[in-house]
Amino acid sequence: MTDSRFALTRADIVARLSKTALEDDPGGVHLATIDRDWPTGLQQRLTANLMPAGVLIPIIDRPDGLAILLTRRSADLKHHAGQVSFPGGRMEPQDQDIRQTALRETDEEVGIHPDQVQVIGYLPTMPTITGFAVTPVVGLLGDDVTLEVDPNEVERAFEVPLQFLMDPNNQHLSMREFEGVKMQLAEFHYEGEKIWGATASMVIALRQFLVI
C-alpha cells in the first residue's frame, strides 16, 4: 500500500517551502551538512574557497503525479562528468543572485525558459568535493514544458516520480573511500540511473522539508 505521506500535491510543496528564503552569502555552506567523522582533508575541501553555484530542482506537474527532472551530465565535462545531477552551474558575474544562476543554467542545458518556472523555495547551500557551494532552487513547471537538451553539457534528461524519491525505503547506502577512510553515502536507483553524491543529498534535504 502506498504511504500517503509521500503522495504530495502541488499545494503541499508550495506550502511546505513557503518559509524558505535565498541566503545572503551564495558561497557559504551549512556545516551541519558535513559529517565530522569524515577525514580532515575531505572536511577542508568541503569548506575552503568554495565557488558559488546554483541548481534548479524542477518539479513537473504531470497528470499522473509530480515528477522531478534530472540530467545525466556529458562525459566530456570537467566536473562531475557522466553523473546524474540537477541542471545548474557556477555563478557568473552577470547573475544578480543564485536564483538567476540556476534559471540561466537550466535554460542553457535543457531549454527551459525562466518564464516557465515558478520558483517556490530554496534549500540550504551545500558543498561539493569539486569546490562548489551549491544552492538548490526549487521550481514548479507545467505539464506543457518541452526540453531542448544541449548535448555538449547533457547526455540525457529524465524524470523520476517525486513520490519515489520522497520514500526513504528507496534510499540505499553505498561505501566510498577517501584518504583510506570508508564512508557511507546515500544513493537512489531508478530505471538504470544512479542518483548519488551531492544530488542525493539535495533530494534528502528536500524530503526533510516536504515529508511531515
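## A walk through the predicted chain

The side chains of T135 and T125 are joined by a polar contact of 2.7 Å. A polar contact is a pair of N or O atoms within 3.5 Å; within protein, one must be able to donate a hydrogen and the other to accept it, and residues adjacent in sequence count only if both atoms are side-chain atoms. This is a predicted model: local features need pLDDT of at least 70, side-chain atom pairs count only at pLDDT 80 or more, and totals for chains, interfaces and linings use all residues. Residues are numbered from 1 along each chain as its sequence is written, and side-chain values use heavy atoms, with hydrogens and water left out.

Stay with T135. It is found in strand β7. Helices (H or I, at least four residues) and strands (E, at least two) are DSSP runs, numbered from the N terminus. T135 has a relative accessible area of 4%, so it is buried. Buried means under 20% relative accessible area, exposed over 50%, and partly exposed in between (1.4 Å probe, protein chains only). Not counting residues up to four places away in sequence, T135 touches L22, P26, A53, G54, V55, I98, L123 and T125. Contact means heavy atoms within 4.5 Å.

P26 comes next. It is found in the loop between α1 (10-16) and α2. Its relative accessibility is 23%, so P26 counts as partly exposed. Leaving aside neighbours within four places in sequence, P26 is in contact with P52, M91, I98, T125, A133 and T135. P26 and I98 are 72 residues apart in sequence, yet 6.6 Å apart in space, C-alpha to C-alpha.

Now the wider picture. The chain has five helices and 11 strands. Of its 212 residues, 46% count as buried. Among contacts between residues at least 6 apart in sequence, 65% join residues at least 24 apart.

Which residues touch the most other members of the largest nonpolar core? They are I13, I68, L165, M166 and L206, out of 37 residues in that core. The elements that give two or more residues to this core are β1 (51-62), β2 (65-73), β7 (132-141), β8 (154-161), α4 (162-166), β10 (181-190) and α5 (197-210). α5 gives the most, with seven residues. A nonpolar core is a set of buried Ala, Val, Leu, Ile, Met, Phe, Trp, Tyr and Cys residues joined through side-chain atoms within 4.5 Å. Leaving aside neighbours within four places in sequence, L206 is in contact with L17, I57, I68, L123, V138, L162 and M166. Apart from this core lies another, of 13 residues, among them I60, V110, Y122 and V145.

Turn to a charged residue. E105 is found in helix α3 (residues 98-110). Is E105 buried or exposed? It counts as buried, because its relative accessibility is 7%. A polar contact of 3.2 Å joins its side chain to that of R104. Beyond neighbours within four places in sequence, E105 is in contact with G88, G89, R90 and E153.

E191 lies in the loop between β10 and β11 (193-196). With a relative accessible area of 71%, E191 is exposed. It has a positive phi of about 45° although it is not a glycine.

Finally, confidence. pLDDT is the predictor's confidence in each residue, from 0 to 100. The chain mean is 87, and 84% of residues reach 70 or more. Confidence is highest in strand β5 (residues 118-122), at 98, and lowest in helix α2 (residues 40-45), at a mean of 58. Where pLDDT is low, the predicted coordinates should not be read in detail.
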